[in-house]
Amino acid sequence: MLAKRIIPCLDIKDGQTVKGVNFVGLRSAGDPIELGKAYSDQGADELVYLDITASHEGRKTFTELVGRIAREINIPFTVGGGINELSDVDRLLNAGADKVSINSAAIRRPELIDEIARHFGSQVCVVAIDAKQTAQGWRCFLNGGRLETERDLFVWAKEANDRGAGEILFTSMDHDGVKEGFANEALASLASTLSIPVIASGGAGRMEHFRDAFTEGHADAALAASVFHFGEISIKELKEYLRKEGICIR
Amino acid sequence: MKVAIVKYNAGNICSVVNALERCGVTPILTDDFEVLKCADRVIFPGQGQANTTMTYLREHHLDQLIKDLRQPVLGICIGMQLMCRHSEEADTDCLGIFDVDVKRFQPTRREDKVPQMGWNSINVKSEEWSVKSVDPLLEGLGPLPFVYYVHSYYVPLCPYTIGVTDYVQPYSGALHKDNFYAVQFHPEKSGPVGERIIRNFLAL
C-alpha cells in the first residue's frame with residue numbers, strides 16, 4: 001500500500017534555512033544540508049527546498065546548493081521559488097532536483113505547466129497554490145501571498161491537473177502559522193475532484209493535525225516547516241504516532 | 001570496480017551517479033560498445049517514454065548490445081520496462097530479455113492515482129506469490145521494505161519476479177533472470193534501503 005508522506009519544507013535565503021511565520025518575520029533555522037540530512041535520518045519521505053531570494057546571485061547560490069543536496073541526500077526532493085520559465089526548470093533538474101514547484105508563474109502563464117509536463121514529464125511538476133477564504137470563496141494569491149487574484153482555488157487546481165501537473169501543493173494562508181490544523185474541508189474537496197496527489201500545507205501544530213489531514217482531508221502528503229525546525233514535533237515520533245493511528249506510513 | 005551506466009536519451013541520470021558515488025564508486029557514463037562490454041557492472045537507468053527511448057536504442061545499436069551483456073546488469077524504472085518483451089506505452093516492442101509484457105495501471109478506486117508516486121513496500125519473500133527465497137539483490141532489507149516509485153506502467157507477476165509490490169493489483173517490483181536484474185522503483189532515491197540494494201548489486 002502506498003504510504004502517506006511527511007515532508008519538511010526548508011525556506012532558503014542566501015544559502016541558509018529560514019522560516020516565515022505567517023509569511024513575515026524570519027528566524028534562522030540552520031544549515032540546509034545538515035537539516036535535510038537530519039530529517040531524512042528521522043524518516044522524512046521527501047524534502048522541499050524553497051528559494052526565497054529573488055536576486056540573480058541568490059539564484060546561482062541556490063543552484064549550487066541544489067547540486068550539493070543531490071550529492072548528499074538519498075531521498076526525493078522538490079525545489080521551488082523564482083521558477084518562471086522552462087530554462088529555470090532545466091537548470092534545477094540538471095543540478096539534481098527530482099521535482100520543481102511552480103506557483104505565481106503558473107497563474108500568470110498557465111501554459112508553463114503544459115510545457116514542463118511535455119518536456120520533463122508530469123511527475124516533475126508540482127503546482128503550489130497559496131489560497132485564502134474570502135467573501136467570494138477560496139481565492140488564489142500570488143507573490144508569496146501578497147497579491148489577491150480572481151482565481152478560485154478549486155477551478156485553478158483542476159485546470160493545473162488537466163494541464164499536466166503531477167501534484168498540487170495547497171497552502172491555506174488562513175491556517176499557515178496558526179498551528180490549529182490543516183484546511184481539511186478544502187483538502188477533501190480537492191482530493192475528490194483531482195486525479196493527482198494533493199500535499200497539505202499550512203496549519204500543523206500537533207501530531208493529530210497530520211492524522212486529520214490524512215483521514216479527514218484525504219491528503220496524500222503533509223508538509224510543515226516550523227514545527228519540525230524548532231523541534232516541536234519530531235518526525236520519528238510523528239510517524240510512530242500515525243502508524244498507531246492506523247495510517248500507512250513508511 | 002568498473003561500473004558503466006548506459007548513456008541514452010533517458011532523461012536525468014545524475015541521481016544514479018550520485019548514489020553510486022555515495023557507495024564509493026565513480027561510474028562511467030557511456031554508449032561505447034567496448035567500454036560497456038568490459039565493465040564489471042552495467043546499469044541501465046531510465047526516465048522517459050518507452051517508444052522514443054527504444055527508437056534511440058535501436059538507432060544506436062544499443063539494443064543488441066544490452067541483450068548480449070554477460071556481467072550483472074541492473075535496469076531501473078523505465079530501464080526495467082524496456083528489458084521486457086513489449087510495453088503498452090505507445091505500443092512499443094522492447095528488448096525481450098524478460099518474457100513478459102508491460103501494462104498500464106487501470107485503477108478502479110479514486111484513491112489509486114496514476115502515476116503511482118511515493119513510497120510503497122516490496123514483498124521480497126512470499127509463498128503466496130511464489131517468491132520462495134530472498135534474491136541476493138534484495139537481501140538484508142527486512143521482510144517488507146519501503147522503496148520510492150514513480151511510474152504509470154507496470155510489469156505483471158511472472159516467473160522472474162523477485163519482489164512483489166501491491167498497487168491497484170500485485171505486480172513485479174523487481175525481476176531477475178540469469179545476469180539481468182531489474183527494479184521498478186528508484187533505489188537511488190530510496191534512502192538507506194535503496195543504498196543497500198545498490199551495494200548488494202555491486203557485491204553480486
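**Exercise 1. Helix 8 of chain A**

Determine which residues of helix 8 of chain A are buried in this predicted model, and identify elements that cover them.

*Solution.* Begin with the cover. Next, list the residues that are covered: H209(A), F210(A), D212(A), A213(A) and F214(A) are the buried residues of the helix.

**Exercise 2. A salt bridge between R211(A) and D212(A)**

Classify D212(A) and R211(A) as buried or partly exposed, and state how far apart their closest N and O atoms are.

*Solution.* Take the distance first: D212(A) and R211(A) form a salt bridge in which the closest N and O atoms are 3.1 Å apart. Then apply the cut-off, under which a residue is buried below 20% relative accessible area. D212(A) has 16% relative accessibility and therefore counts as buried. R211(A) has 23% and therefore counts as partly exposed.

**Exercise 3. A salt bridge between chains**

Locate the two partners of the salt bridge between D220(A) and K113(B), and classify each by accessibility.

*Solution.* The closest N and O atoms of D220(A) and K113(B) are 2.9 Å apart. This pair crosses between chains: D220(A) lies in the loop between helix 8 (207–215) and strand 12 (221–224) of chain A, while K113(B) lies in the loop between strand 7 (101–104) and strand 8 (116–123) of chain B. With 15% relative accessibility, D220(A) counts as buried. K113(B), at 7%, counts as buried too.

**Exercise 4. Salt bridges within chain A**

*Solution.* Side chains of opposite charge can pair when their charged atoms come close. In the salt bridge of K239(A) with D45(A), the closest N and O atoms are 2.9 Å apart. Over all chains, the count of salt bridges comes to 26.

**Exercise 5. The surroundings of R151(A)**

Describe the position, accessibility and contacts of R151(A).

*Solution.* R151(A) is part of strand 9 (residues 147–152) of chain A. Its relative accessible area is 26%, so R151(A) is partly exposed. Leaving aside residues up to four places away in sequence, R151(A) touches I107(A), P110(A), W138(A), R139(A), C140(A), W156(A) and E159(A). The C-alpha atoms of R151(A) and G137(A), 14 residues apart along the chain, are 10.0 Å from each other.

**Exercise 6. The overall form of chain B**

Decide whether chain B is as compact as a globular protein of its length, and characterise its contacts, surface and charge.

*Solution.* Chain B contains six helices and 13 strands. Its radius of gyration is 16 Å, close to the 17 Å that the globule rule gives for 204 residues, so chain B is as compact as a globular protein of that length. Its C-alpha atoms fill a box of roughly 45 × 35 × 25 Å along the principal axes. Of the 204 residues, 58% are buried. Among contacts between residues at least 6 apart in sequence, 71% join residues at least 24 apart. The accessible surface is about 8,100 Å², with 49% belonging to carbon and sulfur atoms. Finally, chain B has 20 positive and 24 negative side chains, and the centres of these two sets lie 3 Å apart.

Methods:
Residues are numbered from 1 along each chain as its sequence is written. Chains are lettered from A and ligands numbered from 1 in the order in which they are written. This is a predicted model: local features need pLDDT of at least 70, side-chain atom pairs count only at pLDDT 80 or more; totals for chains, interfaces and linings use all residues. Side-chain values use heavy atoms; hydrogens and water are left out. Helices (H or I, at least four residues) and strands (E, at least two) are DSSP runs, numbered from the N terminus. The radius of gyration is taken over C-alpha atoms; the globule rule is 2.2 Å times the number of residues to the power 0.38. Buried means under 20% relative accessible area, exposed over 50%, partly exposed in between (1.4 Å probe, protein chains only). Contact means heavy atoms within 4.5 Å. Accessible areas come from the Shrake-Rupley method with a 1.4 Å probe; for residues, only the protein chains shown count as cover. Lys and Arg count as positive and Asp and Glu as negative; His and the chain ends are not counted. The place of a charge is taken as NZ of Lys, CZ of Arg, CG of Asp or CD of Glu. A salt bridge is a side-chain nitrogen of Lys or Arg within 4 Å of a carboxyl oxygen of Asp or Glu.
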